[in-house]
Amino acid sequence: MTAPLPLDGVRIFDLTRILAGPTCTQLLGDLGADVIKIERPGEGDDTRRWGPPYVKGKDGEDTTESAYYLCANRSKRSITLDLAKPEGIALAKRLLAECDVLVENFKVGSLAKLGLGYEQLKEEFPGLVYCSVTGFGQTGPYAKRAGYDFLAQGMGGIMSITGTPGVEPVKVGVGIADVMTGMYAATSILAALRHRDRTGQGQHVDCCLLDTQVSWLVNEGTNYLVSGKVPQPLGNAHPNIVPYQVFATSDGHVILACGNDGQFQRWCDVAGAPELKADPRFASNPLRIVNREALIPQIVPYMAQRSTDDWVAALEAANVPCGPVNTIDRVFEDPQVKARGMKIDLPHPLAGDGTVPLIANPVKLSGTPIEYRHAPPTLGQHTDEILAEVLGLSAEEIAAEKAKGAV
């Protein structure tokens, strides 16, 4: 028999949209939770319209499903629920009675106006784990502000150390504050469920973009706290390891990552640079950091003499960490990425060829491997199914809820 998935039996009332919240619930869904994505009738998740590109239908024309929406909504079922109507709120509470977790990313106070705030629900649903994902958290002077990944990257400091020295600050190329907040939220929910299983008590989980962005300043943030020196952008270089950056080759770029003195010395041997190996200024990593400006210009001409593939092969053989700077098309053709199964295809009712391509969950579990049970759902795709399965409503009762405008 196949072992049940780790979160089998956990049901999630998903009131999230855009990226941070959906990333959280997608991860939980991949792990086996039954994620019920609540969407506004006729509108749905904002990212459904964040295209092109869109999934192509059988006629080759764009469908309603954007690639952006697809990236964070796998392993969920969609129901349309009108929370602007009392009937919709009543139905929401009936569903909540059958759920373990509520995840939302509304502005602070918005759900309380609908009677769905944590303080309003905790007495009626004492075991409910209620997770709020916001820009700035539930407290503090910025709490009521709308938050976006770009703002978090700027305010949280990562843009001040990203990019080339002397040019304007640069954000990370994807919404990484959103994604990391979603991951922290998922981890927090699992911890809260563990507490609930022991005590029977739910709690409010408060995760936000700015806190998350500050937390993953990691070594650069701690460098500042210890030294008092404000870190500056280093381009592709590393503040604490030298050489550890991108170098131009004869046909592209390669990353050279010498994490210890032995690796640097072996690079010198491969490159045919005995003078750099013997130079006392470069004998240790602390010395190489101090003498960075003297060392790097001497490495540059050596790296330019060979192709990227030549360097990767030679340095791999010498046990010196290195790798190519791949464009995204080359990422998905990389033999290691293929071997790890990082691209998947899932059946989709609107796709012209029957499936949509997606990026896989990176988690590998030996006993309970990830199962992709649902492609990102179309708007309201599972409304009838959820009402019948979770609430036991008959076809006539579902029709009545629709007539009232609840769904």
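**Salt bridges and a helix crossing**

At 0% relative accessibility, Lys76 is classed as buried. This holds in a predicted model. The side chain of Lys76 forms a salt bridge with that of Asp14, at 3.7 Å from N to O. The two residues sit in distant parts of the chain: Lys76 belongs to strand 5 (residues 76–80) and Asp14 to strand 1, 62 residues apart. Asp14 also has 0% relative accessibility and therefore counts as buried.

The structure contains 23 salt bridges. One of them pairs the side chains of Asp34 and Arg11, with an N to O distance of 3.0 Å. Asp34 is part of strand 2 (residues 34–39) and Arg11 part of strand 1 (residues 11–15), so this bridge ties together parts 23 residues apart in sequence. Asp34 and Arg11 are both buried.

A salt bridge also joins Lys343 and Asp345, whose closest N and O atoms are 3.0 Å apart. Lys343 is partly exposed, at a relative accessible area of 45%. Asp345 is partly exposed as well, at 41% relative accessibility. Through shared partners, salt bridges connect Arg11, Asp34, Arg77, Glu385 and Glu389 in one network.

The axes of helix 9 (residues 261–271) and helix 13 (residues 308–317) approach within 10 Å and cross at roughly 125°. The two helices are therefore oblique to each other. Their crossing is right-handed. Helix 9 contributes Trp267, Val270 and Ala271 to the contact, and helix 13 contributes Trp311, Ala314 and Leu315. By class, this contact comprises six nonpolar residues, with no polar and no charged ones.

Methods
Residues are numbered from 1 along each chain as its sequence is written. This is a predicted model: local features need pLDDT of at least 70, side-chain atom pairs count only at pLDDT 80 or more; totals for chains, interfaces and linings use all residues. Side-chain values use heavy atoms; hydrogens and water are left out. Axes are lines fitted to C-alpha atoms, for helices over the stretch in contact, and angles run from 0 to 180 degrees between N-to-C directions. Helices (H or I, at least four residues) and strands (E, at least two) are DSSP runs, numbered from the N terminus. Angles under 35 degrees count as roughly parallel, over 145 as roughly antiparallel, 65 to 115 as roughly perpendicular and the rest as oblique. A crossing is left-handed if the near helix is turned anticlockwise from the far one by less than a right angle, and right-handed if clockwise. Contact means heavy atoms within 4.5 Å. Ala, Val, Leu, Ile, Met, Phe, Trp, Tyr, Cys and Pro count as nonpolar, Asp, Glu, Lys and Arg as charged, and the others, Gly among them, as polar. A salt bridge is a side-chain nitrogen of Lys or Arg within 4 Å of a carboxyl oxygen of Asp or Glu. Buried means under 20% relative accessible area, exposed over 50%, partly exposed in between (1.4 Å probe, protein chains only).
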